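Visitor: Hi! Could you walk me through this one? I'd like to hear about the strands and then the charged pairs.
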Amino acid sequence: MKFLALLLGVGALAAFEHEQGWPQYVAGGVDFSSPLLADADGDDTLDVLVAAQGHYVYLWNHRGELFPGWPRPVVSAPFDETSSPALGDINQDGLQEVVYASAGGRLYAWHVDSSLVPGFPVDLGDNVIRLAVTLEDIDQDDSLEILVGTGNAQFRFFVFRHDGTLVWSCTTAARIHSTPATGDIDLDGDIEIFVGDDGVSGQYCIYAWHHDGTPVAGWPRVCGHHVDPGPALADIDHDGRYEVFVGSLDNMLYGLDASGQDLPGWPNPCGSGSIYEGLVSSPAVGDLDQDSMLEVVTGRGLLTGNLGAVFAFRASGETLPGFPVEMPAGAVVSSPALTDVDDDGDLEIVVGCADGRVYGLHHDGSTVAGFPIDVGSDVSSSPAVGDIDRDGNVELAVGARYDSLYVWDLGSRFVADLTPWPMFHHDARHTGRLPLGTVALQDETPGTTVAATQAGPTILAGSTLFLQCEQEAGLLDVTGRRVVDLQPGDNDLGQVGAGIYFVTPSPQSSPASGKEVAVRKVVVQR
């Protein structure tokens, strides 16, 4: 565990250069809205989208110049809650659209030229608090549906077509502050939708629906308190299927399988039980230390509290060494971005804190040189990273609560393959999922890479260990669970599914990662 006092020795005085044209002041500052970096107009540079507390949606080019007709006003509400705009070609006409749900309960869709898409805005009949819309082709009709929930009194989740017509809606137990995540978790060929609600006692839920609104078997999953964060989907055990990770105000970070059951080693506590240590930060997933194993990263704390921390967990559920990193001067409601910000070949965590700083952390919890960056105002906005001007460098964008939208040039080389989670809820459509097969698996033979989920015959990397098995051994999965006992002379894995495994000669050995325990890695494909 590290504390803020250890962080202040590095970086407080080392400033990165602002990207040319930035920062840009936005009306009322930036609260929960997180900047989105994407090419809105097809010019091969990245544009910047964000919503302001003053109830406007902004669209700039990479130089900080507003697009014609922007910002666009939206219906306000008697409270300052903002969500994040999404960007996608919702009607498959080859052009991008901006989609945004306002606190006043209107669902907007604009063309990049600032004109409204026919059929919008749509009146949702209730307020939208904090959650962002998700754009996904859930029914495989080649156009994107718009997924959104309401969060004040109506307690409904909606799916709309690209023209604003309603596909279906359903009632939840309570208001929805969670941003939906999407993915084919049960391998049935259609897309499932995952979202949390604030719930009431005994009914704090994570919901999962098929594309037609029918519940997925085993869901909803009941949690111990409000589920404000958006879920994250990733294949953390390399079995070719998504798992679901999401936090709750009960201080727990959950890891769930396709049927809503706890993964081995999950859930994991992120505090002592105080509600002010609850999780609002949506998790990010990536291979922090480049060992071919994914880690899950999240922040802790409510905006009104000062018990902030950043947590990082292995696939096994074990806390990564050096974590949590405590930030006792402010909460971490910001969601992390993951990228290589210092050219060291592994990933760093970039996240905002209510103490007015943006932190950069190595995979061992130590502070990246040049961080933290002091912006002088609460940071509840989630950072976004990318090469916005195509100069080859990493740029970092984040909003300050009572101030501006900032963009810095970090000076390090941008590598797409080392940027698995670049922004809030992963991407411009807010799908919240890490694509299957993102992480390649390194065989014991130098220079050999084997895809984790490739179809085809069984392949055993390092299989000679089995063929020459001269003593009792065990085959363990990535969570440390013993799945096969091997006896002398065994050379058959039986019905072990696709994934990463470790061979240990000792029945008591339980490796946490392939780098730290002297065992042989085995990659099984089916």
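Guide: Happy to. In this predicted model, a hairpin joins β32 to β33 through 4 residues.

Visitor: How many bridges join β32 to β33, and which way do they run?

Guide: There are 6 bridges between β32 and β33, and the two strands run antiparallel.

Visitor: How many residues of β32 are buried?

Guide: 6 of its 7, so β32 is mostly covered; buried here means under 20% relative accessible area.

Visitor: Back to R390. Which residue does R390 form a salt bridge with?

Guide: The partner is D44, with the closest N and O atoms 3.9 Å apart. The pair links distant parts of the chain: R390 sits in the loop between β31 (384-386) and β32 (393-399), while D44 belongs to the loop between β3 (36-38) and β4 (47-52), 346 residues apart.

Visitor: 3.9 Å, hmm. Why does that count as a salt bridge?

Guide: Because the cut-off is a Lys or Arg side-chain nitrogen within 4 Å of a carboxyl oxygen of Asp or Glu, and the R390 to D44 distance is 3.9 Å.

Visitor: Is R390 buried or partly exposed?

Guide: R390 is partly exposed, its relative accessible area being 40%.

Visitor: How many salt bridges are there by this rule?

Guide: The count comes to 13 salt bridges. Another of them is between R401 and D378, whose side chains meet at 3.5 Å, N to O.

Visitor: How accessible are R401 and D378?

Guide: R401 is buried, at a relative accessible area of 18%. D378 counts as partly exposed, at 21% relative accessibility.

Visitor: Which residues are linked in a network with R401?

Guide: D31 and D378: together with R401 they are linked in a network of salt bridges.

Visitor: Nice. What about D198 and R175?

Guide: Their side chains meet in a salt bridge, at 2.7 Å from N to O. D198 is in the loop between β16 (192-196) and β17 (204-209), and R175 is in the loop between β14 (166-171) and β15 (181-183); the two residues are 23 apart, and the pair links distant parts of the chain.

Visitor: Which of those is buried and which is partly exposed?

Guide: D198 counts as buried, at 2% relative accessibility. R175 is partly exposed, with 31% relative accessible area.

Visitor: Changing topic: in what order do the strands β27 to β30 form a sheet?

Guide: The order is β27-β28-β29-β30, with these 4 strands making an open sheet through antiparallel pairing. At the edges are β27 (337-339) and β30, each of which pairs on one side only.

Visitor: And how many bridges join β28 to β29?

Guide: Strand β28 (residues 348-353) and strand β29 (residues 357-361) are joined by 5 bridges and run antiparallel. One of the partners to look at is R357 in β29, which bridges with C353.

Definitions and conventions:
Residues numbered from 1 in each chain as written. Predicted model: local features only at pLDDT ≥ 70, side-chain atom pairs only at ≥ 80, totals over all residues. Heavy atoms only, no water. Buried < 20%, exposed > 50% of the residue type's maximum accessible area, 1.4 Å probe, protein only. Pairing = 2+ DSSP bridges.
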